[in-house]
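Open the model in your viewer and keep the selection panel at hand. The tour moves from the whole chain to single side chains.

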Amino acid sequence: MSFTLRPWDQFTDISKYSVPKDVPTAQDRVVYNGNYYSANYLAIVGAIAFLGALMHFSAFFTLLFYPAIGVGIALGLLNYKPDLKPQGRMIMAVLAAGFFWVATGRVADGELFAIISWIFLGVIPALVHAVFRQRPNVADKASSVVNETKQALKK
């Protein structure tokens with residue numbers, strides 16, 4: 001899976017959209033586009049979730065702050081090593097989930113629903129794009145390689 005932000009003009013090219021002829025074609029597009037445009041989808045979901053966070057800042061901060069404490073404690077307990085073993089990752093996940101559960105108790109139900117709704121609102125356009133966007137052709141991929149090379153040369 002390549003996690004590269006693809007050019008937005010390629011991502012939004014209307015001529016590349018079509019209704020899938022059957023369910024397997026739609027599934028194939030979701031898998032392929034999900035991998036190919038993953039960074040673009042993350043940017044869309046992140047931008048929409050950020051808007052939701054601005055509208056519900058205290059609740060969003062609480063939902064991020066408590067799991068971060070859990071991960072921090074887990075890293076401290078595990079004496080942070082970049083090559084965490086699966087058991088170490090599991091401890092981090094359990095602590096983060098536990099602190100997230102505590103955070104949900106500290107956030108009003110209405111605000112929690114609103115935050116989840118904002119994240120869901122970000123997923124909808126990404127999913128619609130993945131279903132209706134045809135698989136990129138060779139020219140699209142070549143354009144991406146050229147852009148990536150230009151960016152690498154700038155560094």
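Each stop below gives a selection and what is there.

**Ground rules.** This is a predicted model, where local features need pLDDT of at least 70, side-chain atom pairs count only at pLDDT 80 or more, and totals for chains, interfaces and linings use all residues. Residues are numbered from 1 along each chain as its sequence is written, and side-chain values use heavy atoms, with hydrogens and water left out.

**Stop 1: the whole chain.** Color by pLDDT (the predictor's confidence in each residue, from 0 to 100). The chain averages 78, and 81% of the residues score at least 70. Helix 2 has the highest mean among the elements, 90, while helix 5 (residues 86-106) has the lowest, 69. Where pLDDT is low, the predicted coordinates should not be read in detail.

Now switch to cartoon. There are seven helices and zero strands. Both are DSSP runs numbered from the N terminus (helices: H or I, at least four residues; strands: E, at least two). Of the 155 residues, 33% are buried. Buried means under 20% relative accessible area, exposed over 50%, and partly exposed in between (1.4 Å probe, protein chains only).

**Stop 2: helix 3.** Select residues 38-55. Buried residues here include Tyr41, Ile44, Val45, Ile48 and Gly52.

**Stop 3: the largest nonpolar core.** Select Phe11, Tyr32, Tyr36, Tyr37, Tyr41, Ile44, Ile48, Ala126 and Ala130. A nonpolar core is a set of buried Ala, Val, Leu, Ile, Met, Phe, Trp, Tyr and Cys residues joined through side-chain atoms within 4.5 Å. Helix 2 (23-36), helix 3 and helix 6 (109-132) each give two or more residues to this core. Helix 3 gives the most, three. Apart from this core lies another, of eight residues, among them Ala59, Phe60, Ala103 and Leu112.

**Stop 4: the salt bridge.** Which side chains meet in a salt bridge? Select Asp28 and Arg135, 3.2 Å apart, N to O. The term means a side-chain nitrogen of Lys or Arg within 4 Å of a carboxyl oxygen of Asp or Glu. Asp28 lies in helix 2 and Arg135 in the loop between helix 6 and helix 7 (138-154), so the pair ties together parts 107 residues apart in sequence. Asp28 is partly exposed, at 35% relative accessible area. Arg135 is partly exposed too, at 42%. A search of the whole structure finds one salt bridge.

Notes. The expected span of a helix is 1.5 Å times one less than its number of residues.
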